[in-house]
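Please have the sequence and the 3D view open as we go.

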Amino acid sequence: MLLSDLRVLDLGSYVAGPAAATVLSDFGADVVKVEPLDGDPYRRLLGGVLAEYPNFFWDLDSRNKRSLAVDFSTAAGRDALERLLKRSDVVVTNYRPALLKRLALTYEDVQRLNPGVIYGQVNSYGLHGPDADRTGFDATAWWARSGLMDHVRRAPEAPAVSSPGMGDHPTSMSLVAGIMAALYRRQSTGEGAHVHTSLMANGAWSHSMMIQGALIGFDNYDRRGPEDIANIPLATVYETSDDRTILLSILNQDKEWPGFVRALGHEEWRDDPRFADRASRFENREDLYRLLVEAFRTDTAAAWRHRLDEAGVTYSVAYTMSEVINDEQMYANDVLTEVEPGSHFHAHTVNSPVWISGVEKRKPRSAPEVGEHTEEVLRELGFDAEEVSAMLEAGVARQRGRPEGSGQPDA
């Protein structure tokens with residue numbers, strides 16, 4: 001596989017950093033995830049909230065990885081960690097800069113051990129400025145801080161809360177891109193690199209068109225209201241007779257307008273001087289919006305799908321989750337991909353969103369249990385059986401199947 005000779009150390013928690021390691025694993029990289037003895041807190045994120053389900057968040061973002069559970073605040077645990085750092089091609093972390101400094105795990109610290117390392121770092125608000133060490137998640141740093149949260153609402157409604165991982169996963173792809181660029185550079189120069197990004201920066205990139213407008217004085221915040229939905233009638237939402245939502249996105253009006261009015265059953269609008277061209281349609285946008293509201297309310301979403309598809313109109317129905325997981329297009333394009341057989345409840349998972357022609361991607365393996373590969377990884381690092389047993393006995397490390405502080409497997 002493309003990255004089968006790449007050794008990656010996942011030294012992070014939750015999503016934005018570790019998900020980048022997951023993408024690398026999809027292309028064959030050997031990813032070792034270092035966890036505290038009680039596991040990454042991400043494992044417990046759904047605990048008590050959706051206790052009847054397995055932790056599907058963890059299953060998604062930790063597939064293909066091997067888990068080493070070790071207390072690296074101890075001398076033996078630190079030794080194990082430093083051996084991992086020395087052999088790794090890529091280290092991924094999303095710990096706060098102040099914590100990395102306290103743990104002696106900054107880029108400079110790691111580079112001293114491994115000069116050629118590619119050190120991929122993501123944090124909430126960037127590495128400089130007053131908020132560099134401020135805690136945050138994608139909901140706060142990507143969604144709220146970037147202005148996206150406020151922009152998508154329609155006053156006087158309250159802003160919406162983002163979907164879990166909505167900013168984490170796009171941010172992880174930025175980190176992957178930087179890591180791959182740094183690996184390419186290392187091929188020719190032999191030099192390692194410090195690759196870094198932030199949730200805030202990726203939120204700003206996602207919202208960049210409107211931010212760019214604000215930078216030249218275009219800021220319509222004070223002018224927005226409930227009526228805004230009618231301002232661009234060919235690029236907004238409509239309700240159908242069965243209470244489904246259709247989003248139009250007719251940006252190429254010259255091409256799509258004739259087919260669109262035919263699909264609506266209102267070809268007379270082609271000769272209506274109010275809608276004769278783009279300028280006229282904009283000038284009479286409120287009339288057009290009102291007519292479209294009435295038109296879409298006359299039939300079901302299924303009927304409109306058929307008509308709009310035949311006319312080549314750019315649109316989408318707002319899919320429910322049930323429709324998403326049964327969408328033929330998702331499976332035809334390997335977006336929802338099969339996982340390796342096992343005891344897990346799911347037969348498919350969400351694939352990382354990049355494919356390379358002629359390059360195989362790994363069939364996703366189950367996410368590891370806490371310390372599932374501790375003994376295996378420690379032996380690879382050169383610890384002998386007696387040393388491994390001593391670390392497990394002392395509670396420096398944890399192996400699945402052994403209680404903490406015991407050198408013996410569970411009965």
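In the largest nonpolar core, which has 29 residues, Val8, Leu24, Val90, Ile118 and Ile179 are the ones that touch the most other members. Several elements supply at least two residues each to this core: H1, S4, strand S5 (118-123), helix H6 (138-144), H8 and strand S6 (193-198). H8 gives the most, with six residues. Do keep in mind that this is a predicted model. As background, nonpolar side chains tend to be buried together in soluble globular proteins.

Leaving aside neighbours within four places in sequence, Ile118 is in contact with Asp89, Val90, Val91, Ile179, Ala182, Leu183, Arg186, Glu191, Gly192, Ala193 and Val195. A second, separate core of 28 residues can also be found, and among its members are Leu100, Leu381, Leu392 and Val396.

Now turn to helix H1, which spans residues 18-26. How much of this helix is buried? Nine of its nine residues fall under the 20% relative accessible area that defines buried, so H1 is largely enclosed by the rest of the structure. The buried residues are Pro18, Ala19, Ala20, Ala21, Thr22, Val23, Leu24, Ser25 and Asp26. Their cover includes S1, strand S2 (30-35), helix H2 (56-61), strand S4 (90-93) and helix H8 (168-189). After H1 comes Gly28, which has a positive phi, near 105 degrees.

Next, look for a charged residue away from the surface. Arg66 lies in strand S3 (residues 66-70), and it counts as buried because its relative accessibility is 8%. What do the side-chain polar contacts of Arg66 join it to? One, of 3.0 Å, links the side chain of Arg66 to that of Asp30, and another, of 2.5 Å, links it to the side chain of Glu376. Not counting residues up to four places away in sequence, Arg66 touches Asp30, Val31, Val32, Lys33, Arg87, Pro368, His373, Glu376, Val377 and Glu380.

Our last stop is on the outside. Leu2, Val354 and Ile356 make up a nonpolar patch on the surface, and together they have about 220 Å² of accessible area. Leu2 sits in the segment before strand S1 (7-10). Is Leu2 buried or partly exposed? Leu2 counts as partly exposed, because its relative accessibility is 43%.

Key
Residues are numbered from 1 along each chain as its sequence is written. This is a predicted model: local features need pLDDT of at least 70, side-chain atom pairs count only at pLDDT 80 or more; totals for chains, interfaces and linings use all residues. Side-chain values use heavy atoms; hydrogens and water are left out. Patches are made of residues with over 30% relative accessible area and no salt bridge: like charges are joined within 9 Å, nonpolar side chains (Val, Leu, Ile, Met, Phe, Trp, Tyr) within 5 Å. Accessible areas come from the Shrake-Rupley method with a 1.4 Å probe; for residues, only the protein chains shown count as cover. A salt bridge is a side-chain nitrogen of Lys or Arg within 4 Å of a carboxyl oxygen of Asp or Glu. Helices (H or I, at least four residues) and strands (E, at least two) are DSSP runs, numbered from the N terminus. Buried means under 20% relative accessible area, exposed over 50%, partly exposed in between (1.4 Å probe, protein chains only). A polar contact is a pair of N or O atoms within 3.5 Å; within protein, one must be able to donate a hydrogen and the other to accept it, and residues adjacent in sequence count only if both atoms are side-chain atoms. Contact means heavy atoms within 4.5 Å. A nonpolar core is a set of buried Ala, Val, Leu, Ile, Met, Phe, Trp, Tyr and Cys residues joined through side-chain atoms within 4.5 Å.
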